[in-house]
Each structure stands twice: as structure tokens, then as C-alpha cells.
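Hi,

Here is the structure we talked about, handed over for you to open on your side. My notes on what turned up follow below it.

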Amino acid sequence: MSEKYDITRRQFAKAGLAVAAMPMFYTKGVWAANDFTNNPGSSSTVTLGFNVPQTGAYADEGADELRAFKLAVKHLNGQGDSGLMNTMKPMNLKGNGILGKKVTYVTGDTQTKSDAARASAKRMIEKDGVVMFSGGSSSGVAIAVQGLAQELGVIFMAGLTHSNDTTGKDKRRYGFRHFFNAKMSGSALGPVLKDEMGTDRKAYHLTADYTWGWTQEQSIQETTEGLGWSTTAKVRTPVGAGDFSQFITPVLNSGADVLILNHYGKDMINSLTQAVQFGLRDKQVNGKNFEIIVPLYSRLMAQGAGKNLQGILGTANWDWQLEDEGSKAFVKSFGTEYGFPPSMAAQTCYVQTLLYANACENAGTFYPPEVIRQLEGFEFDGMGNGPTEYRAEDHQCFKKVLVVRGKANPSSQYDLLDIVKEVPRSEVEYDASIFGGELGPYKV
Amino acid sequence: MMNSIKQQLMNLFKKQSDLTTILLFAAGVLTMPIWLDPIGANYPDLLQKFVIFGIFAVGYNILFGLTGYLSFGHAVFLGVGSYTAVWSFKLFTMNVLPAMLFATLISGLIAAAIGFVSMRRSGIYFSILTLAFAQMFYNLAYSVLIPITNGETGLQLRMHDIRIIDNYFSDPAPGLPSTELFGMSMNGYSGFYFCAVVLILAFYVAMKIFRSPFGMKLKAIKSNQHRMRYTGSDTRPYLITAFIISGMFAGLAGALLAVTDPLAGAERMQWTASGEVILMTILGGVGTLFGPLLGVGIIKYLENIFSTINESVLQQFFSFLPQWGENFMVAIVSPFVGDGWHLTLGILFMIIIIFLPGGLMEGFQKIKKRYLTKGVKDSESTTKQE
């Protein structure tokens with residue numbers, strides 16, 4: 001009796017739910033088969049959204065990203081010297097906007113906060129009607145807005161984001177990343193660390209306390225422990241802390257002989273400067289010179305850290321001193337426009353914008369599922385990183401990774417990094433399934 | 001006899017004025033998409049922010065406006081509300097009602113705890129205590145509570161959350177689920193209208209509190225707490241109740257933030273967020289019913305619209321001027337828009353505090369008074385002429 005009652009109750013509940021859910025299906029049916037969010041239709045322009053940190057610890061990177069976006073829009077509209085459109089191949093761009101529509105753009109400030117970034121992205125999508133938005137500098141923000149992209153059905157071309165989660169456990173069908181990630185940094189750094197520091201080291205991690213810091217700490221730890229190093233401690237620090245002295249003092253007496261700074265932007269400048277002021281680099285521990293490693297840093301950070309960064313190892317996605325055709329074309333174009341060389345954040349944002357535009361040209365439409373299919377598995381060259389592939393399984397680009405070192409005798413204020421090694425793609429590649437996660441549906 | 005009729009009439013008038021107030025208010029809120037369109041503020045996300053922070057400010061005003069107790073940590077309840085709501089989405093159902101209920105209750109409980117301790121002091125000591133609690137919660141969210149808050153990355157929905165109730169009824173659909181009210185999506189305009197209805201209800205409750213004996217007691221505490229105590233009435237329970245009620249309003253607002261966008265980050269609990277609601281209340285008018293809402297409107301408008309005006313927009317705006325005039329105007333105006341919107345807000349705040357200490361509502365009353373007294377004078381002068 002009670003079983004029977006159970007079934008009927010459940011059926012009743014299901015029926016009730018079906019009735020309640022009806023309006024939702026009804027409204028979804030209203031959309032025509034191929035209509036989508038912010039369809040530019042017959043409009044003569046198409047709008048892109050550039051959502052970058054203009055305030056906070058990552059503001060320098062954000063400013064440079066914005067310069068790159070503006071340059072990309074200029075080139076897409078056929079103004080300027082066309083930059084990487086001269087070297088990209090294969091390429092379908094014609095210099096008349098995207099699919100014949102002139103490109104316009106709107107900008108927003110993420111403030112390096114998930115909340116503000118999502119509000120800003122929502123404004124772009126709901127008010128300004130963007131077909132694609134881009135930007136970054138914090139993986140926390142990138143993951144937050146990538147979720148929004150999937151919900152609202154607007155493609156997000158991630159800018160600078162280095163956490164494994166962005167294309168790992170938090171990957172989304174509507175999110176794409178050209179930048180490399182912490183896992184690749186670890187794989188690239190490993191052999192160099194072995195050569196320079198040996199196999200018997202004790203590492204101390206200071207880590208920015210959010211998704212990027214966590215995954216970088218994990219990836220670097222896996223690499224160094226694979227070399228035979230031990231890990232003394234892993235200390236999490238708040239983002240934008242400003243003063244890191246309370247975290248650095250314990251390093252002095254911990255017995256560790258390597259400090260790994262999983263910090264970025266102004267945080268890294270502050271923590272590194274303070275570590276040097278505390279005399280860490282002049283110390284001898286366990287009969288070895290104390291070393292500092294900054295697994296991810298950029299030229300912009302090198303400018304801020306000055307002398308303190310000299311001789312310190314790290315990895316980079318791209319550097320303006322690369323000698324290939326694409327890099328030279330981009331540096332020239334950016335330099336003519338702004339008077340100084342671009343950062344790696346600028347390069348990735350510029351490339352992402354062009355890649356999206358090219359995918360639309362290939363698809364012959366702005367309809368996101370078609371554009372996504374064009375980007376998935378897309379192989380290209382001539383954009384400054386050598387032959388590159390957008391892996392379809394996780395929307396991560398695979399290309400070579402640079403191991404860099406702070407230059408001892410810089411010849412100019414921009415000539416700050418030595419490229420120690422260009423690590424080929426085969427050495428940094430990994431199986432797409434190791435991080436889990438699901439891309440989700442094409443059509444939302 | 002005459003007196004009692006008069007009394008009845010007065011009562012009727014008063015009741016009617018309550019009813020008309022709430023009707024006018026409801027009409028004003030629900031037509032926001034129409035009258036905010038010309039100033040570029042008609043899009044769902046901003047409209048939602050207006051009404052949600054409206055609830056926050058209305059609730060805050062119950063504490064600050066009525067009792068004069070300046071809480072510097074109200075954003076805690078906003079954050080607690082958001083986290084609770086997202087957890088309700090993750091564990092139970094995507095339906096928004098349980099989320100709102102849990103959020104209101106739990107922030108009420110936390111408000112009771114914080115209020116119990118903080119209300120032992122008044123004035124600046126009370127403010128500092130609440131600030132200390134807020135900072136404590138904020139730091140907890142980034143350290144020990146990371147399993148609950150997911151730290152800097154923020155608490156988000158995942159495809160494989162438990163969602164006991166939803167999964168009991170039906171198999172999960174592909175992709176991330178979205179928040180709903182019995183099938184009605186909480187994205188876009190439907191989300192706004194839902195929040196607007198909640199704001200109207202919240203406003204009605206606040207209005208009832210303002211005009212109740214309880215509200216009168218709170219006002220009495222504000223004007224002279226010592227005298228209240230001497231007359232033998234214990235003020236503490238009233239203060240704590242007011243604190244809890246305003247905490248619950250904030251929790252509700254936090255839940256709605258999660259309803260319209262299911263993500264909770266600890267930056268919602270930062271002291272700047274607590275400061276913002278104080279600015280909103282003071283800007284609009286402390287202790288007035290409508291003032292805090294005006295404050296919300298101004299601050300959220302500046303934050304979302306003013307901050308996006310860049311040089312190219314200004315150039316378009318001033319393009320009617322000759323080239324040198326255009327450049328000149330752009331150069332003058334640009335520091336105050338875009339990134340500089342805080343500067344505009346600061347100046348506006350200073351002007352209002354210096355010239356209208358009672359906020360914008362005082363300004364309106366001054367205008368009303370001047371207009372009315374002018375009318376009286378006019379009629380006087382005409383009678384003289386006769």
C-alpha cells in the first residue's frame with residue numbers, strides 16, 4: 001500500500017513539475033532555429049567587449065591588454081599596418097571588419113574581482129550587445145565570467161589566465177584560452193631547474209590564495225618533487241596584500257633553500273622586493289646558494305621589480321624579443337602605435353581577437369555553435385608562438401613555452417629578460433582528461 | 001463627538017496615505033525599465049542591482065535611520081545571504097524560494113549573535129565592533145572557511161552538485177542549471193520583476209515598522225537613550241531586534257544577488273561594501289523612507305554607467321563643438337568619468353554633506369517648502385492689493 005502511495009506521489013510531483021516548467025519551454029520555443037544572443041542581424045557594425053582590470057593588483061597588465069585589443073580592432077577594420085594579419089596562416093580575414101561588418105568595441109573594468117567582472121560582462125552582453133567578450137589577468141575572474149559566457153551563450157576568448165582550472169575542471173564550451181597554463185610552466189621549468197639547482201633542494205612556496213595560485217603551486221610541486229626536491233612548506237597569502245614581510249620572515253629559518261613565489265602582478269613585485277630586502281638571495285642554506293623562482297612572470301612585472309629580478313628563473317607565454325616573423329610584425333605594429341614593445345598579456349589578447357574574427361569568417365556566421373566548431377582543433381602559425389593548435393577537448397592552445405631569466409645587464413628599460421630555452425610543444429603537452437571537468441553543450 | 005469623527009477621519013487619511021505611498025512606490029519601481037531607458041540604465045543587470053541594493057539600504061535604514069546606530073559591518077549579512085543561497089542551489093534545488101528563506105534565516109541568526117555582542121556598546125564603539133566582526137568574517141572567508149566559500153575564486157554552481165530535491169524529480173539536464181521560480185527563469189527582465197516585487201514587499205514592511213509603536217521606540221532611542229532608560233524601559237531588546245531585522249533584510253538582498261547571478265564571492269563582505277551602504281543611506285537621507293533608495297540609484301548608476309564613459313564617448317558627446325573646444329572639454333571632463341567615477345562620487349558626497357546634511361530628501365523638502373511658502377506669500381500679496 002505504502003509503495004503504491006509512493007509511486008503515485010512521485011508521479012504527481014512529476015506532473016506538477018511538468019506543468020510548472022511549461023512556460024520555460026514555451027519561451028524557448030519562441031526563438032527561431034538559428035537565432036542567438038546578440039545576433040547582429042543586418043546591422044552594419046558588430047560589437048566586441050574588452051573586460052580588463054583597470055584597477056587593483058593586475059592593473060598594469062590590464063592596461064596593456066586594452067592597448068592590444070584596440071590595435072586588433074584597428075587592424076580588423078583595415079586601418080594601420082594590419083599587424084599579424086600579414087603573417088597569420090591560414091587566414092580568412094579581409095580587413096573589412098568581421099563578415100563585412102565594421103568592428104566597434106566597449107570596455108569594462110573587472111577590478112580583479114569576480115563580482116565586478118561579472119557585472120561588467122553582463123552590462124556588455126545585456127546593454128551593449130556584444131557577440132564576443134575577452135580580457136583577463138586573473139584566473140578567478142576568467143573562470144567566473146566563463147561560466148557566465150556559457151549561461152548567456154556569448155563566446156569568451158580568455159586573455160591572461162594561467163590556472164589549470166580555466167581549461168581544466170572549470171572548462172566551458174563557450175570559453176577559449178590561448179595563454180599557457182601552470183601545468184605547462186611546470187613541465188617547461190623542470191629540466192632547467194634540474195640543470196641549475198640539482199636534485200637535492202628544499203622548496204618553500206608562497207602562494208596567491210585563489211585558483212591560479214593553487215594550481216600553480218600544485219603543478220610546480222609535482223615537477224620539483226619529480227626531480228627529487230622536498231617541499232618544506234606551502235603558505236597561502238591573500239591577493240593584493242601589499243606587505244608580505246610577515247610571510248617572508250618564517251622562510252629565513254625554515255631550512256628551505258629555494259623560495260617559490262606563486263604571485264603575479266604587483267603582488268609579485270612586492271613579495272620579491274621584500275624577499276630580496278630580507279637578504280634571502282645572499283643567504284647560504286644547506287651549503288647551497290639560496291634561490292628564488294617565480295614560475296610565471298612578464299616583462300611588465302620585470303619593469304616593476306627592477307634589479308631584484310635579475311637572474312631569477314620563470315616561464316612566459318611570449319616575449320617581444322622573439323625573432324620569428326609573427327613576433328617581429330606584432331612588435332613593430334604595437335611599437336609604432338604606442339612607442340614601446342608589447343607585453344605577453346597584450347600578445348595573447350591581440351591573437352585571441354584575431355582568432356575569433358577569423359573563426360567567424362570561416363564559419364560564415366556569428367552563430368556561436370558554428371564559430372566554436374571552427375575554433376576547436378584549429379591549427380595556425382605565424383602569430384608569434386610557432387605552430388599552434390586549439391585542442392578541441394579542452395579549448396587549450398598548445399604551442400612552445402619560454403623559460404626566461406631576469407637579465408643581468410639590461411640594455412634598455414624594456415630589455416629585461418633573457419630567453420633561456422624555447423621548450424617545444426611536445427614537452428609540455430598533457431592528456432586533456434587529467435583535470436576532469438566538462439565543456440557542456442554547444443547550444444544554450 | 002466631533003473629536004472622535006475627526007480622529008476617524010485622520011486615521012482614514014493616514015491609512016490612505018500609507019496605501020497611496022505603497023501604490024505609487026510599486027508603480028515607480030515596476031515602470032523602471034521605461035523611465036530609466038533615456039539615461040541608458042535600462043538593462044536587466046543594472047535594474048536588478050538597483051532593486052536588490054534598494055532592499056539592502058531599506059533594511060540598513062531600519063537600524064541606522066531609526067536608532068542612529070552606525071553599523072560598519074552590514075555587508076557581512078549580504079555575503080552570508082549569498083553564500084547560503086548558492087549552497088541551497090547546490091544542495092537542494094534551483095528554486096529560489098528555499099534559497100531566500102534559508103539566507104534570511106541564517107543571516108538573522110548571525111545578526112543575533114553579532115548584535116548580542118556589539119549592542120553592549122553604543123556610538124563609535126559599536127561601529128568599531130561591527131567593523132571588527134565584518135573584517136573577521138571577510139578574513140575567515142579567505143582562510144579557514146575556504147571549504148565553504150571557495151576563497152577568492154568564489155562559490156559557483158557545478159554540473160555535478162547534489163541538488164537533492166531537483167534530482168529527485170527529474171534527471172539533470174545537460175549544462176549548468178539556472179535559477180528559477182517554478183519554471184520562470186530568474187535571468188534578465190523576469191529576474192528584475194521578481195526582485196522588484198520583493199523590494200515592494202520589503203519596503204512595505206519597513207514602512208510599517210517606521211510607523212509602528214516599535215518604530216517609535218527606536219526613534220526615541222535615537223533621540224535620547226538615557227531618558228528612555230530612566231523612564232524604566234529597557235532599550236537593549238529593541239536595539240537587538242532592529243539589528244536582526246536589518247540583518248535579515250541584508251541577507252535577503254544577498255540571496256537575491258545569488259538568485260540573479262548564482263555566484264558568491266567574499267568581496268561582497270569587504271568593508272568597502274559596508275561603507276557603500278552607509279554612503280547610499282547618507283546620500284539619500286538618513287531616517288527617511290525613500291532617501292536610501294535614491295542613494296542606491298545614484299551610486300549604482302555612477303558605478304555602472306559613469307565608469308564606462310571613455311574618451312571616445314566624450315568626443316562624440318562634444319563633437320558639436322569646434323575641434324579645440326572638443327579637446328578642451330574632453331580633457332576637463334575625462335578625469336571625472338571612467339576610472340574617475342569615484343572622484344565624482346566623492347565630490348557629490350561632499351557637496352551634499354556640506355549643503356544638505358539631511359541628504360537629498362532634505363533638498364526635496366527645502367524645494368517643497370520654498371515653493372509652498374512662495375505660494376502662500378503670493379496669495380497674501382494678492383489679498384493686500386485688493
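Before the notes start, one definition: the domain bounds I quote come from an automatic or database domain assignment. Also keep in mind that this is a predicted model.

**Domains**

Chain B first. Its assignment gives domain 1 as 43–287 and domain 2 as 305–379. Taken over C-alpha atoms, the centres of those two domains of chain B are 31 Å apart. As for what touches, 6 residues of domain 1 of chain B are in contact with 7 residues of domain 2 of chain B. The domain 1 side of that contact in chain B has 4 nonpolar residues, 2 polar and no charged.

Chain A is also divided in two, but domain 1 comes in two pieces, 45–180 + 320–399, while domain 2 covers 183–316. Here the C-alpha centres of domain 1 and domain 2 of chain A are separated by 29 Å. In chain A, 17 residues of domain 1 are in contact with 20 residues of domain 2. Helices α2 (59–76), α4 (139–152) and α11 (344–363) of chain A each supply at least two residues to the domain 1 side. That side of domain 1 of chain A splits into 6 nonpolar, 7 polar and 4 charged residues.

**Where the chains meet**

Between the chains, 38 residues of chain A are in contact with 31 residues of chain B. On the chain A side, α1 (2–30), β2 (102–109), α3 (114–126) and α4 each supply at least two residues. The most comes from α1(A), with 8 residues. By type, the side of chain A that touches chain B divides into 16 nonpolar, 10 polar and 12 charged.

You will have spotted α4(A) in both lists: it supplies residues to the side of domain 1 that touches domain 2 of chain A, and to the side of chain A that touches chain B. This helix is mostly covered, with 13 of its 14 residues buried. From first C-alpha to last, α4(A) reaches 20 Å, close to the 20 Å expected at 1.5 Å a residue. After α4(A) comes Gly153(A), with a positive phi near 75°.

**The sheet in chain A**

There is an open sheet of 7 strands in chain A, in the order β7-β6-β8-β11-β12-β16-β17, with mixed pairing. Its edge strands are β7 (230–237) and β17 (417–423) of chain A, each of which pairs on one side only. From one strand to the next, the twist averages 20°.

Inside that sheet, β8 (residues 258–262) and β11 (residues 291–296) of chain A pair in the parallel sense over 3 bridges. One pair to click on is Val258(A), whose bridge partner in β11(A) is Glu291(A).

Ile293(A) also lies in β11 of chain A. Is Ile293(A) buried or exposed? It has 23 C-beta neighbours inside 10 Å, and the cut-off for buried is 20 or more, so Ile293(A) counts as buried. Setting aside neighbours within four places in sequence, Ile293(A) is in contact with Val258(A), Ile260(A), Ile312(A), Leu313(A) and Gly314(A).

Helix α8 (residues 265–277) of chain A has 13 residues, which should span 18 Å at 1.5 Å a residue; its end C-alpha atoms are 19 Å apart, so the two agree. Of those 13 residues, 10 are buried, among them Lys266(A), Asp267(A), Met268(A) and Leu272(A). What does the covering of the buried residues of α8(A) include? It includes α2, β6 (202–208), α7 (245–252), β8, β11 and α9 (299–305) of chain A. Following α8(A) is Gly279(A), whose phi is positive, near 80°.

Last one: strand β1 (residues 45–52) of chain A has 6 of its 8 residues buried, so it is largely enclosed by the rest of the structure. β1(A) runs parallel to β2(A), and 8 bridges join them. Among the residues there, Val52(A) stands opposite Asp109(A) in β2(A).

Cheers

Terms used:
Residues numbered from 1 in each chain as written. Chains lettered and ligands numbered in written order. Predicted model: local features only at pLDDT ≥ 70, side-chain atom pairs only at ≥ 80, totals over all residues. Pairing = 2+ DSSP bridges. Helix = DSSP H or I, 4+ residues; strand = E, 2+ residues; numbered from the N terminus. Axes fitted to C-alpha atoms, helices over the stretch in contact; angles between N-to-C directions. Contact = placed C-beta atoms within 7 Å. Nonpolar A, V, L, I, M, F, W, Y, C, P; charged D, E, K, R; others polar. Expected span 1.5 Å × (residues − 1). Buried ≥ 20, exposed ≤ 12 C-beta atoms within 10 Å, placed from the backbone.
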